Amino acid sequence: MLKLRDGIVELYKKVATSLPPDVREALEAGRARESEGSTAFSTLSVQIENMKLARETVSPVCQDTGVPTFWVKVPIGLSHSEMKNTIMDATKIATEKVPLRPNAVDIITDKNSGDNTGIGFPVIYMEETRESSLIIDLMLKGAGCENAGQTYKLPLEELDAQRDLDGVRKCVIDTVQKTQGRACPPYILGIGIGAAKDQVARLAKEQLMRRLNDVNKIGELAALETRILSDINEMGIGPMGLGGKTSALGVKIGVNHRHPASYFVEVSVSCWSTRRGRLIW
């Protein structure tokens, strides 16, 4: 478990200091679409340079290292409580070693724990797997983009959004219109659709772990992801809200069955600095 703990510390370092290849490529492709010399081109150039410097100097890409969120697939026979304790220990070490900004604040006392651990912090989701490998996915998601997320209950008269995929599209567009440039675009949007509010919140954030170049296995959802991405990039918000053709890098949608009387949609917003990674043990 000590070796695993050290592996998770290294995962923290990798995720905090180096963006995934698909995000790097999407940022560069976005810059290529902008007119050279434009504000959008310059802003994307700064973001790309910041990304490269962070990787070269092994420094956090963003000063807000966010809320650590883990999705862990645990082989049969490995203790979930031991796994959680190992993650907590690794988090304390990574906070000092990477370093990570201490972000865990007690609700009652308003005191910062100083090591990114506390009640329900970091966020850890676990499930059992029959595979022999332990798979640990980690996302560091800053507060600015987390605050931009929205939950919708369809139908919604004010958006003329019905209980269908076009209603979902209107929800996503509404979230981006409300957020504008306040959550550091270009964005990646994760959307969850299902029966309950807590269910779609988790599902939406899970979509942000998907690679940008993957294709949704459900044809209707793949088409909707493409359409919404095009719609957002036609809004002119641009990098950091300063205008341009690149307001979003990707849209990913996940679905669960719903109850006949409910249709919940969650939109999870991630900033340009989408930090995620995987450890296979």
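1. Start with the pair formed by helix 6 (residues 165–179) and helix 8 (residues 219–233). In this predicted model, their axes come within 10 Å and cross at roughly 30 degrees. Angles under 35 degrees count as roughly parallel, so helix 6 and helix 8 are roughly parallel to each other. Their crossing is right-handed.

2. Which residues make up this contact between helix 6 and helix 8? Helix 6 contributes Leu165, Asp166, Val168, Arg169, Val172, Ile173 and Val176. Across from them, helix 8 supplies Glu220, Leu221, Leu224, Arg227, Ile228, Asp231 and Ile232. By class, nine residues in the contact of helix 6 with helix 8 are nonpolar and five are charged; no polar residues take part.

3. Helix 4 covers residues 80–97, which is 18 residues. At 1.5 Å a residue, helix 4 should span 26 Å. Its end C-alpha atoms lie 25 Å apart, so the model agrees with that expectation.

4. Helix 4 has a set of buried residues: Met83, Thr86, Ile87, Met88, Ala90, Thr91, Ala94 and Thr95. What covers them? The cover over the buried residues of helix 4 includes helix 1 (2–17). It also includes strand 1 (67–75), strand 2 (123–129) and strand 3 (135–141).

5. Take Thr86 as one of the buried residues of helix 4. Its relative accessible area is 5%. Buried means under 20%, so Thr86 qualifies. Leaving aside neighbours within four places in sequence, Thr86 is in contact with Met1, Leu4, Arg5 and Ile8.

Conventions
Residues are numbered from 1 along each chain as its sequence is written. This is a predicted model: local features need pLDDT of at least 70, side-chain atom pairs count only at pLDDT 80 or more; totals for chains, interfaces and linings use all residues. Side-chain values use heavy atoms; hydrogens and water are left out. Helices (H or I, at least four residues) and strands (E, at least two) are DSSP runs, numbered from the N terminus. The expected span of a helix is 1.5 Å times one less than its number of residues. Buried means under 20% relative accessible area, exposed over 50%, partly exposed in between (1.4 Å probe, protein chains only). Contact means heavy atoms within 4.5 Å. Axes are lines fitted to C-alpha atoms, for helices over the stretch in contact, and angles run from 0 to 180 degrees between N-to-C directions. Angles under 35 degrees count as roughly parallel, over 145 as roughly antiparallel, 65 to 115 as roughly perpendicular and the rest as oblique. A crossing is left-handed if the near helix is turned anticlockwise from the far one by less than a right angle, and right-handed if clockwise. Ala, Val, Leu, Ile, Met, Phe, Trp, Tyr, Cys and Pro count as nonpolar, Asp, Glu, Lys and Arg as charged, and the others, Gly among them, as polar.
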